[in-house]
Amino acid sequence: MKEKDSILFEYFKLEIFIPEANFRQLQKTLQQVDAGHIGSYDSCLSYSRVTGTWRPLAGTNPYIGTENEISEEPEVKVEVTCKAENLRRTMEAVKAVHPYEEPVINVIPLFQVGIGV
């Protein structure tokens, strides 16, 4: 994402897939960078248990799994909003605590957060 893209939207939603054992550390990290701050509330996020699948290709160093074999593991999908001006810092913070070599972090622009007028 280019810097100019984040100017078009005030908020983004991050979808972060992470092992459940790493969820609480991620939650603390998101709080430290003020992700999930909506109006007069902070630390707002949702999470759900999901099953992730992937196949590590040649030359990878997977946290879980074996090269060229399909892996299937329980994960947590975390959904949190992030202010545009904090997006880069939030992404760096998430990557610093995420155990995966290639973490899945979807960044989705939001037209509006909350009820708003």
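Predicted model: local features only at pLDDT ≥ 70, side-chain atom pairs only at ≥ 80, totals over all residues.
**Entry 1: the cavity**

I searched the whole structure for cavities of 30 Å³ or more and found one. I noted a volume of about 50 Å³ for the largest cavity.

Next I looked up what lines the largest cavity. I listed Gln27, Leu30, Gln31, Ala35, Gly36, Ser43, Cys44, Leu45 and Val80. Which helix gives the most to this lining? I found that helix H2, residues 23-32, does so, with three residues.

I then sorted the lining by residue type. Five of the lining residues are nonpolar and four are polar.

**Entry 2: strand S1**

I turned to strand S1, which covers residues 11-18. How many of the eight residues of S1 are buried? I counted seven, so the strand is largely enclosed by the rest of the structure. For this count I took buried to mean under 20% relative accessible area.

**Entry 3: the partners of S1**

I looked up the pairing of S1 with strand S3, residues 71-83. Eight bridges join S1 and S3, and the two strands run antiparallel. As one point of contact in this pairing, I noted Ile18, whose bridge partner in S3 is Val76.

I also looked up strand S4, residues 104-110, which is joined to S1 by seven bridges. S1 and S4 run antiparallel. Here I noted that Lys13 stands opposite Ile108 in S4.

Methods: Residues numbered from 1 in each chain as written. Heavy atoms only, no water. 1 Å grid on protein atoms, 1.4 Å probe; cavity = no way out; pocket = protein on both sides within 12 Å on 5 of 7 lines; lining within 4 Å. Points joined across faces, edges and corners; volume = space filled by probe spheres on them. Helix = DSSP H or I, 4+ residues; strand = E, 2+ residues; numbered from the N terminus. Nonpolar A, V, L, I, M, F, W, Y, C, P; charged D, E, K, R; others polar. Buried < 20%, exposed > 50% of the residue type's maximum accessible area, 1.4 Å probe, protein only. Pairing = 2+ DSSP bridges.
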